[in-house]
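Visitor: Could you walk me through this structure? I have not looked at it before.
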Amino acid sequence: MVEPLALKDHTWESRIFLKRIVVGFGILVVLTLFLVARFFYLQIVQHDVYATLSDKNRIQVQPLPPTRGLIYDRNGELLADNSPSFNLTITPERVDDIGGTLEHLNRILGLRDDEIEAFEKRKKRRRRPFESVPLLYRLTQEEIAIFSVDRHMMPGVEVEARLVRHYPRGELMVHAVGSVRRINEADARRIDPVAYAGTDHIGKIGVEKYYEPDLLGQVGYQQVEIDARGRVMKVMESTLPVPGKNLILHVDATLQQAAVDALGDRRGTVVAIEPETGGILAMVSKPGYDPNLFVTGIDHKTYASLRDSIDVPLFNRAIQGQYQPGSTIKPIIGLAGLVTGLITADYFIEDPGWFQLPGKERLYRDWNWRMSGAGGHGKVNLQKAIYRSCNVYFYTLSVKLGIDRIDDYLALFGLGVNTALDLPEAKNGLLPSREWKKENRGLPWYPGDTVNIGIGQGDMLVTPLQLATAVTVIANRGRWVAPRMLQSGSDLLNRSDATRMDSIELIPTHVWDYIIGSMEKVVHRGNQGFGENGTAWAHIGRDINYRMAGKSGTAQVVEIKQGEEYDEEILDERQRKHAWFVAFAPVDKPKIALAVLLENGGGGSEVAAPVARAILDHHLLGSVAPHVASVAGGEE
Amino acid sequence: MSHDFVRQLPGAGLNSPRKATVGDMVHLDLPMVFLLLVISAYGLLILYSAGGQRTEPVMSQGLKILAGVVVMVLAAQISPIFYRRMAPWIFLAGLATLVLVYFFGLEIKGSRRWLRIPGVISFQPSEIMKLVLPLILAWYFHDRHLPPKARHVFWSLVIIAIPVMLIAFQPDLGTSLIIGASGLFVLLLAGIQWRLVFSAIGIGVISAPALWFVLRDYQRQRILTLLNPESDPLGAGWNIIQSKTAIGSGGLFGKGLFQGTQSHLDFLPESQTDFIIAVLGEELGFAGVVFLLILYILLVGRGVILSVQAQDTFGRLLCGSITFTFFVYVFVNIGMVSGILPVVGVPLPLVSFGGTSILTLFAGFGILMSVHTHRRITL
């Protein structure tokens with residue numbers, strides 16, 4: 001190091017300074033070039049990347065949910081429409097402190113635990129950024145007002161109006177129309193998230209489920225420019241949603257109401273079909289429930305009470321309930337006998353009141369064995385066997401036919417399979433056969449089994465819809481019409497995977513005449529003295545002014561569900577037989593065919609026949625005579 | 001004293017004699033004034049756009065620039081000799097305000113940076129220190145032989161350390177580092193040995209991990225965010241992602257003035273203050289940014305020329321340090337917004353919306369002009 005001079009050396013100092021500042025400035029220039037390079041990289045090299053990011057930032061695609069198709073009855077009455085619901089929603093991206101916000105909302109609106117739980121669940125579900133998550137549904141005006149006061153303190157919390165499904169007739173139509181439910185996690189995995197963007201509900205049951213693709217409509221989109229807070233600044237482009245198709249059903253809401261009235265407060269079910277088309281005119285299952293409860297989310301307690309009720313209101317008896325058909329299938333067995341030639345109209349048996357298989361000890365009793373004491377129906381041919389519902393005749397006939405032929409003929413009328421085109425929940429019932437028994441019971445078929453099947457008992461099961469359909473086919477003299485809810489509005493009907501049936505051909509007209517005539521006598525044969533009248537005449541046939549064909553039936557209650565916990569009285573009531581009545585009218589040109597079942601109702605003719613009469617009266621005459629209504633209502 | 005004599009002096013090529021210009025008479029350097037006004041006007045234009053084409057921020061900023069120009073003109077009139085003589089007292093006063101702010105400062109977001117004399121003035125003492133520290137160091141070396149001896153370096157480091165520590169404890173790490181740099185620039189320009197410089201840098205690099213443990217959580221977060229902004233896109237990384245997006249989406253010529261979507265739709269945070277260059281980058285593109293950088297480098301270059309032309313050690317060191325510090329602000333701000341430096345609260349000089357910094361900036365340039373226009377030949 002140079003020894004410093006005593007004097008300040010200005011030249012030396014300014015040289016050092018010059019050197020230093022030039023080096024420094026050089027570094028600054030290099031750093032500036034570095035910045036230039038950085039901007040070159042961001043703005044030129046990576047421009048496309050950031051341009052896309054910027055567009056994604058400000059342009060958001062928002063779904064415009066379509067309005068769900070409306071559902072009408074045959075008279076144009078609305079069965080399902082859409083009504084605005086004000087929902088409280090939260091956009092998590094816009095809320096700093098969700099916990100605090102929920103607490104605040106709880107303070108002013110009172111949130112239930114299950115509501116918060118459901119919200120947390122929905123929040124975790126996959127969704128687009130800045131998509132709002134519903135917290136509360138169907139706010140009242142008062143709740144909206146309370147929220148509005150504090151709204152400014154809760155950014156990201158909004159009241160959103162949405163159209164939700166509404167069922168104007170509530171419980172009345174629930175089992176006929178079905179209902180939508182909120183999309184749950186299982187649904188979310190199954191559905192196309194694009195098609196359901198912005199839609200909260202999906203058809204879960206019945207017509208709503210079957211025609212879901214048509215009812216849903218097509219989602220629309222709008223491209224909006226948003227700011228960082230998610231507020232829409234302007235709409236740039238939009239594709240309007242296509243509303244779902246409107247459906248017109250065969251069902252007649254007034255007939256449905258008449259059926260409900262006729263059932264009164266008893267448990268039971270009615271299925272009425274238009275023989276011309278197969279269209280279902282009424283489908284009642286009592287008790288029912290209000291489907292509107294489910295649309296916006298039902299609370300646990302109400303749901304549990306519906307689910308656990310001994311009366312199973314959620315269960316659609318008309319298509320899911322499987323019962324023994326009892327005597328209602330006797331006309332078909334008889335028809336089989338005539339067609340096969342095993343019997344003729346002149347074939348008589350002597351009914352002692354019981355039947356015994358050759359070489360067996362067991363007695364199969366007739367239904368009136370106990371009543372008349374002395375014995376049976378006496379000399380009986382097929383006609384009398386039908387209008388008096390003679391069991392011994394059919395025991396004899398079914399042994400003659402054998403189970404295979406019985407099955408063949410019952411199958412022709414759609415028993416044992418589902419033929420309903422657009423009722424996804426419809427059950428198949430059960431038509432027992434040798435193979436079925438071997439497979440399921442591991443036992444061979446015994447002649448005794450055939451005897452039971454001959455009068456619609458044993459293992460045989462049908463749904464009320466199946467029975468109504470079978471009666472429709474009888475009314476049509478073999479012409480098949482598949483039962484259906486839809487009258488018009490969708491092509492999906494033709495794509496049903498229900499079993500397709502062929503019309504029953506090669507059955508001579510006189511056979512149909514004979515069978516239908518016998519069923520007519522069930523209702524109309526009267527004033528013939530004790531043991532000679534049609535079984536239903538005394539109850540519905542005295543004052544009827546149109547021709548009706550019918551058949552009563554009783555089904556044994558095979559097992560009691562949920563029975564053990566209830567007291568004796570109720571248990572007894574639940575062990576009583578189910579009452580059936582099937583009918584169609586007018587006989588010469590059938591306009592309606594139906595099946596009525598009253599659970600634990602007792603005898604078919606006394607209990608179920610008046611209900612059938614009331615419904616037929618309503619449909620054919622436009623009104624129900626008061627005395628018919630009162631008999632139907634079980635208030636005689 | 002004649003021109004001929006001056007011409008024969010060693011180093012006279014730098015201090016070439018010339019006629020007194022208009023600028024000299026009013027003690028202003030006209031090229032520098034011109035550059036300052038152009039940058040300010042450019043800044044006002046960007047601010048007008050960033051503020052959503054409202055006139056209020058522009059008017060407010062315009063008034064501050066006007067005030068800054070007044071301060072600059074006044075500062076330029078004062079002789080550098082006066083600055084030099086007053087330097088110790090100004091330094092002590094500056095330290096006093098830093099101590100005061102430590103006890104009586106306005107607490108905002110957990111740090112005390114503002115001193116407020118109610119009804120009179122509120123200011124950041126650390127801002128003033130940007131000028132005061134170079135001033136006192138230039139004063140310190142003015143009478144000493146250069147290059148500085150080890151003990152002079154030691155004492156000058158002590159002088160630097162006092163305000164730097166006081167500001168770091170406010171806490172305001174970003175400003176304290178920049179003020180430390182302004183002091184170190186004086187040392188560098190005074191001719192401190194390179195090996196000292198490099199070994200200091202070496203020690204700094206080695207001890208950097210230790211510094212990590214001294215940092216507060218939010219400071220660590222900023223560094224982590226710099227390394228990986230996508231780690232928390234809606235939280236700490238938001239600013240940097242959005243500013244890079246704004247800049248990158250601008251392209252070569254930008255989306256057009258007032259057409260920036262990032263800024264006008266509020267995606268870009270602090271778009272009028274620290275992040276304003278992102279607005280420029282988005283709306284006027286690479287061209288607009290390079291134009292601003294050219295203006296800055298011209299201004300810094302002019303500052304370098306004035307520093308070189310200064311006639312004594314005090315003037316040279318003071319001017320050089322002020323000029324370099326100005327550049328540090330430019331570099332740190334732009335580096336931060338473009339994602340190569342951590343986010344520290346440093347405004348873009350002459351462009352960002354803000355008060356105190358404009359006044360100190362113009363005061364600094366005023367001092368430069370004072371040194372330049374009060375030249376005499378002294379031996």
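This is a predicted model: local features need pLDDT of at least 70, side-chain atom pairs count only at pLDDT 80 or more; totals for chains, interfaces and linings use all residues.

Visitor: Which residues line the largest cavity?
Guide: Its lining belongs to chain B and includes Lys130(B), Leu131(B), Ile322(B), Phe326(B), Tyr329(B) and Phe365(B). Helices α6 (125–142), α14 (313–337) and α15 (356–373) of chain B each supply at least two residues of that lining.

Visitor: How does that lining divide by class?
Guide: The lining of the largest cavity has 6 nonpolar residues, 3 polar and 1 charged.

Visitor: Lys130(B) is on that list; which residue does Lys130(B) form a salt bridge with?
Guide: Lys130(B) forms a salt bridge with Glu127(B), and the closest N and O atoms are 2.6 Å apart. The two residues are 3 apart in helix α6 of chain B, so about one helical turn separates them.

Visitor: Is Lys130(B) buried or exposed?
Guide: Lys130(B) is buried, with a relative accessible area of 9%. Glu127(B) is buried as well, at 7%.

Visitor: What about the second largest cavity, which residues line that one?
Guide: Among the residues lining the second largest cavity are Ile319(A), Val417(A), Asn418(A), Lys427(A), Gln466(A) and Pro483(A). Helix α20 of chain A, residues 464–475, gives the largest share, 3 residues. By class, this lining has 6 nonpolar, 5 polar and 1 charged residues.

Visitor: Back to salt bridges. How many are there over all chains?
Guide: There are 31 salt bridges over all chains. One of chain A joins the side chains of Arg165(A) and Glu208(A), at 2.8 Å from N to O. That pair links distant parts of the chain, as Arg165(A) lies in strand β5 (residues 157–166) and Glu208(A) in helix α8 (residues 206–210), 43 residues apart.

Visitor: Is Arg165(A) buried or exposed?
Guide: Arg165(A) counts as buried because its relative accessibility is 2%, under the 20% cut-off. Glu208(A) is also buried, at 0%.

Visitor: Which salt bridge does Glu56(B) form?
Guide: Glu56(B) forms a salt bridge with Arg54(B), with the closest N and O atoms 3.3 Å apart. Glu56(B) is partly exposed, at 48% relative accessibility. Arg54(B) is likewise partly exposed, with a relative accessible area of 39%.

Visitor: New topic: which residues make the nonpolar surface patch?
Guide: A nonpolar surface patch of about 760 Å² is made by Val99(B), Leu100(B), Tyr102(B), Phe103(B), Phe104(B), Met165(B) and Phe169(B). Helix α5 of chain B, residues 80–104, contributes the largest share of the patch, 5 residues.

Visitor: Where is Leu100(B) found?
Guide: Leu100(B) is found in helix α5 of chain B. Leu100(B) is partly exposed, with a relative accessible area of 39%.

Visitor: Finally, pockets. What is the volume of the second largest pocket?
Guide: The second largest pocket has a volume of about 1,700 Å³. Its lining consists of 45 residues, and Arg122(A), Arg125(A), Arg182(A), Ile183(A) and Asn184(A) lie nearest its centre.

Visitor: Which element gives the most to the lining of this second largest pocket?
Guide: That element is α4(A), with 6 residues. The elements of chain A that each supply at least two lining residues include α4 (113–124), β4 (133–136), β6 (179–182) and α12 (300–308).

Conventions:
Residues are numbered from 1 along each chain as its sequence is written. Chains are lettered from A and ligands numbered from 1 in the order in which they are written. Side-chain values use heavy atoms; hydrogens and water are left out. On a 1 Å grid over the protein atoms alone, a cavity is a set of points where a 1.4 Å probe fits but cannot get out, and a pocket is an open set with protein on both sides within 12 Å along at least five of seven lines; lining residues have an atom within 4 Å of a point. Grid points are joined across faces, edges and corners, and a volume is the space filled by probe spheres set on the points. Helices (H or I, at least four residues) and strands (E, at least two) are DSSP runs, numbered from the N terminus. Patches are made of residues with over 30% relative accessible area and no salt bridge: like charges are joined within 9 Å, nonpolar side chains (Val, Leu, Ile, Met, Phe, Trp, Tyr) within 5 Å. Accessible areas come from the Shrake-Rupley method with a 1.4 Å probe; for residues, only the protein chains shown count as cover. A salt bridge is a side-chain nitrogen of Lys or Arg within 4 Å of a carboxyl oxygen of Asp or Glu. Buried means under 20% relative accessible area, exposed over 50%, partly exposed in between (1.4 Å probe, protein chains only). Ala, Val, Leu, Ile, Met, Phe, Trp, Tyr, Cys and Pro count as nonpolar, Asp, Glu, Lys and Arg as charged, and the others, Gly among them, as polar.
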